[in-house]
Amino acid sequence: MRFVRMHHMRYAYLLQRYNYQCHSLCMFLRNRYLVDNCDTLIAVYDGQPGGTAMTVGYAQECGRDTVFIRPDELMAKAS
């Protein structure tokens with residue numbers, strides 16, 4: 001895995017730097033960081049607009065391979 005100790009330390013730093021009042025900014029920075037440091041993005045994505053959609057779009061702009069897991073298909077298999 002590419003998420004080695006250095007990346008974990010950077011992620012921890014970002015979480016400490018931004019408090020919960022800027023939750024959206026924290027999630028945005030987290031998602032950008034994850035995409036910037038991955039080879040393949042695995043997204044549990046229902047196709048709706050929002051943070052996951054923006055992250056998937058950014059990953060595709062960056063040329064990252066993307067694997068989609070649809071929550072409705074998971075629920076159907078669990079039934």
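A disulfide is a pair of cysteine sulfur atoms within 2.5 Å. By that criterion, a search of this whole structure, a predicted model, finds zero disulfides. The protein chain comprises four helices and two strands, which follow one another from the N terminus in the order α-α-β-α-β-α. Of its 79 residues, 19% count as buried.

**Cysteines**

- Cys 38 takes part in no disulfide, the nearest cysteine sulfur being that of Cys 62 at 8.5 Å.
- Seen from Cys 62, the closest cysteine sulfur is likewise in Cys 38, and the separation of 8.5 Å is too far for a bond, because a disulfide requires the two sulfur atoms to lie within 2.5 Å.
- Cys 38 has a relative accessible area of 13% and is therefore buried, the limit for that class being under 20%.
- Cys 62, at 29% relative accessibility, counts as partly exposed.
- Cys 26 belongs to helix H2, which spans residues 23-36; with a relative accessibility of 8%, Cys 26 counts as buried.

**Nonpolar core**

- The largest nonpolar core consists of eight residues: Val 35, Cys 38, Leu 41, Ala 43, Tyr 45, Val 56, Tyr 58 and Ala 59.
- Two or more residues of this core are contributed by strand S1 (40-44) and by helix H3 (51-61).
- H3 supplies the largest share of the core, namely three residues.
- Val 35, a member of this core, is in contact with Leu 41, Thr 55, Tyr 58, Ala 59, Cys 62 and Arg 64 when neighbours within four places in sequence are left aside.

**Packing of H2 and H3**

- Two packed helices are described by the angle between their axes and the distance between the axes.
- The axes of H2 and H3 come within 10 Å and cross at roughly 30°.
- H2 is therefore roughly parallel to H3, since angles under 35 degrees fall in that class.
- The contact involves Asn 31, Arg 32, Val 35 and Asp 36 on the H2 side, and Gly 51, Thr 55, Tyr 58 and Ala 59 on the H3 side.
- The crossing of these two helices, H2 and H3, is right-handed.

**Helix H1 and pairs separated in sequence**

- Leu 15 is located in helix H1, residues 5-17, and counts as partly exposed at 39% relative accessibility.
- Leu 15 and Arg 30 are 15 residues apart along the chain, and their C-alpha atoms are separated by 8.3 Å.
- Cys 26 and Leu 14 stand twelve residues apart in sequence, with a C-alpha to C-alpha distance of 7.6 Å.
- Across the protein chain, 56% of the contacts with a separation of 6 or more are between residues 24 or more positions apart.

Notes:
Residues are numbered from 1 along each chain as its sequence is written. This is a predicted model: local features need pLDDT of at least 70, side-chain atom pairs count only at pLDDT 80 or more; totals for chains, interfaces and linings use all residues. Side-chain values use heavy atoms; hydrogens and water are left out. Buried means under 20% relative accessible area, exposed over 50%, partly exposed in between (1.4 Å probe, protein chains only). A nonpolar core is a set of buried Ala, Val, Leu, Ile, Met, Phe, Trp, Tyr and Cys residues joined through side-chain atoms within 4.5 Å. Contact means heavy atoms within 4.5 Å. Axes are lines fitted to C-alpha atoms, for helices over the stretch in contact, and angles run from 0 to 180 degrees between N-to-C directions. Angles under 35 degrees count as roughly parallel, over 145 as roughly antiparallel, 65 to 115 as roughly perpendicular and the rest as oblique. A crossing is left-handed if the near helix is turned anticlockwise from the far one by less than a right angle, and right-handed if clockwise.
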